[in-house]
Amino acid sequence: VQLQASGGGLVQAGGSLRLSCAASGITFSLYPMAWYRQAPGKQRELVAQISTGGSTNYADYVKGRFTISRDAAKSTLYLQMNGLKAEDTAVYYCKAVLFGTMYWGQGTQVTVSS
């Protein structure tokens, strides 16, 4: 099983990035998916999650700015991030979980300069 996250980088405050998480080794359409992030010195926190049917849920601090989506044909999870703030700086991880079996991607660094 591999979750390959990509799309991170350095962006100015107010800018946008689109993260991708390509899944292999799992039946992607069966797995609820999520994005988490971890800033230096802080605990990993949930950013957004999406069900197999496309229902979404967001942390309050990204509502209205971030959009999570999935493409079953490409076995890929996305996170569109708009209106980025300095406090969004973190390593972003994708996660797949089903019936207690959990897989994490390797993380992609997002740095927002103010």
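Glu87 is exposed, with a relative accessible area of 55%. Exposed here means over 50% relative accessible area, buried means under 20%, and partly exposed lies in between (1.4 Å probe, protein chains only). This is a predicted model, in which local features need pLDDT of at least 70 and side-chain atom pairs count only at pLDDT 80 or more, while totals for chains, interfaces and linings use all residues. Residues are numbered from 1 along each chain as its sequence is written, and side-chain values use heavy atoms, with hydrogens and water left out.

Glu87 sits in the loop between strand 8 (76-81) and strand 9 (90-98). Strands (E, at least two residues) and helices (H or I, at least four) are DSSP runs, numbered from the N terminus. From Glu87 to Pro32 the C-alpha to C-alpha distance is 26 Å, and the two residues are 55 apart in sequence.

Strand 8 is mostly covered, since five of its six residues are buried. Strand 8 runs antiparallel to strand 3, and six bridges join the two; strands pair if DSSP finds at least two bridges between them. In this pairing Ser20 stands opposite Tyr78 of strand 8. Strand 7 (residues 66-71) also pairs with strand 8 in the antiparallel sense, over six bridges. Here Arg70 has Leu77 as its bridge partner in strand 8. Strands 7 and 8 form a hairpin with four residues between them, and Ser75 in the turn has a positive phi of about 50°.

Thr76 belongs to strand 8. The side chain of Thr76 reaches the backbone oxygen of Lys74 at 2.8 Å. Contact means heavy atoms within 4.5 Å. Leaving out residues up to four places away in sequence, Thr76 touches Ser20, Cys21, Ala22, Phe28, Ser69, Arg70 and Asp71.

One of these residues, Cys21, forms a disulfide with Cys94, with the sulfur atoms 2.1 Å apart. The cut-off for a disulfide is a pair of cysteine sulfur atoms within 2.5 Å, and by this rule the count comes to one. Cys21 lies in strand 3 (residues 17-24) and Cys94 in strand 9, so the pair ties together parts that are 73 residues apart in sequence. The torsion about the S-S bond of Cys21 and Cys94 is about 65°, so this disulfide is right-handed.

| Residue | Class | Relative accessible area |
|---|---|---|
| Cys21 | buried | 0% |
| Cys94 | buried | 0% |
| Thr76 | buried | 8% |

Key
Polar contact = N/O pair within 3.5 Å; in protein donor to acceptor, adjacent residues only side chain to side chain.
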